[in-house]
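Thanks, everyone, for making the time.

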Amino acid sequence: MSDLTAKLSLSDGREFDLEIHKGTLGYDAVDVQVLSKNHLFTYDPGLMSTAMCKSEITYIDGDQGVLLHRGYPIHDLAQNADYLEVAYLLLYGERPTKEQRDAFNKQVRNHTLVHEQISRFFHGFRRDSHPMAVMCGVSGALAAFYHEALDIHNEEDRDLTAIRLLAKMPTLAAMCYKYSIGHPFMFPQNRLSYAGNFLYMMFATPCEPYEVNPVLEKAVNRIFILHADHEQNASTSTVRTAASSGANPFACIAAGIASLWGPAHGGANEACIKMLEEIGSVDRIPEFIERAKDKNDPFRLMGFGHRVYKNYDPRAKVMRETCHEVLQELGINNPLLEVAMELERIALTDQYFIERNLYPNVDFYSGIILKAIGIPVSMFTVIFALARTVGWISHWKEMYNTMGLKIVRPRQVYTGHTERAFEKLD
Ligand code: CMC
């Protein structure tokens, strides 16, 4: 609790003393729960001034460009950790010991297969379906396989659900890709790392041996870490909201995937690479910068700006380094990287972008890396979804452990008709 106090006074004489909650870091939050009991609401479209919960998982300082998971800076985690170690940290609050890490990895490996019936779901989709549409469908379908026996009020069941989701998402994501190109699904290879196994399921075929390239494995591991969690963004708060009714967690994750798909959120990586391709060469950048500034043109510079970061997105910094590393190791001279770097340079010195604190975000460089690895553009957001699943499920677990089930039920300012008589049509 903070030493600060708050009082709300209305011109009709009503007054409310409001509590202030203080986190270990970051802004204070005025507790307005008393208002609804007194027939008043707060009005906050986009929930820009609303903290929907208390959380110990992730801290973001948008002004300074800081991102911490359980206190550890994202840069350190991305440089030094394995994705499953970060997953453990997010889920359980502390880094694992070596023994805990080995046991956790083994547990995840035990659940990488999906039920054979799941593979039949894929055949109901058109081959040219967007993989995110398929991912929404098949991840939601998992609910049909884990429902009756799952007691969400039991902590062990919740932990098992987290493991299942973590283990099966790469399998499902790779199946989305294989189905789209008409290749057979590849079973997971549990001798491989989490990132290596994903690459294997994506690119191996039954016809010849496949060796995981360690440079690509490292890059994918980093991309997964950089997308693992980002506190109460649209998809995470969607998962929390969906889960607050006690809904099946696999169905809640499907809701999160749906929310992530939009171009203002996870879909930005796909939109960003399409934009870089459309710009095509450095000499066309000024034209696109002008379009981005034109209020009458809906075009925005994709991969720029963030609701919370008003500084360089710390994930984008690591992504930028990784992008250079991958292209160098693969010996790829990608003209899109040249366009991206020049676009970044121009935007960062342009008054419009400076005044609005518009910096590159995580999606600005991730698409170039994924493309160099050979991952098709339509799969970019699927990869974001598989990496973010651990964030969603960590928040889901935290919600149960700390608040229990309290259904999310926002209110509204009604602006429609006042009551009127209904007259029957002749
Ligand atoms: N290009 C040009 N202008 C922009 C951009 C952009 N990318 N982003 C914001 N602006 C302008 C906007 O027009 C507005 O100008 P004005 O004040 O003159 O009306 C001002 O900046 C504030 O914009 P806003 O839409 O009120 O800001 P927001 O916090 O609601 O939106 C955002 C954040 C991420 C949706 C937005 O910056 C955007 O659309 N960016 C492009 C999409 C993108 O890259 N999204 C990925 C986000 S990071 C991945 C993730 O975490 O999901």
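By a cavity I mean, on a 1 Å grid over the protein atoms alone, a set of points where a 1.4 Å probe fits but cannot get out, and lining residues are those with an atom within 4 Å of a point. Grid points are joined across faces, edges and corners, and a volume is the space filled by probe spheres set on the points.

Before the results, please keep in mind that this is a predicted model, in which local features need pLDDT of at least 70 and side-chain atom pairs count only at pLDDT 80 or more, while totals for chains, interfaces and linings use all residues. Residues are numbered from 1 along each chain as its sequence is written, and side-chain values use heavy atoms, with hydrogens and water left out.

How many cavities of 30 Å³ or more does a search of the whole structure find? The search finds 1, and the largest cavity has a volume of about 30 Å³. Its lining is made by R126, R127, S129, P131, V134, C176, Y179 and S180, with α7 giving the most, 3 residues. Helices here are DSSP runs of H or I with at least four residues, and strands are runs of E with at least two, numbered from the N terminus.

A pocket, by contrast, is an open set of points with protein on both sides within 12 Å along at least five of seven lines. The second largest pocket has a volume of about 170 Å³, and among its 16 lining residues L84, R109, L192, S193 and Y194 lie nearest its centre. The elements giving two or more residues to that lining are α4 (98–109), α7 (155–181) and α8 (194–203).

Ligand oxygen atoms lie 2.9 Å from a side-chain N or O atom of R300, 3.1 Å from a polar side-chain atom of K295, and 2.9 Å from a side-chain N or O atom of N361. Taken alone, the ligand exposes 930 Å², of which the protein buries 76%, with areas from the Shrake-Rupley method and a 1.4 Å probe.

Finally, 3 strands form an open antiparallel sheet in the order β5-β6-β7, where strands pair if DSSP finds at least two bridges between them. The edge strands, β5 (58–61) and β7 (72–73), each pair on one side only, and L68 stands opposite P73 in β7.

Note on methods: A polar contact is a pair of N or O atoms within 3.5 Å; within protein, one must be able to donate a hydrogen and the other to accept it, and residues adjacent in sequence count only if both atoms are side-chain atoms.
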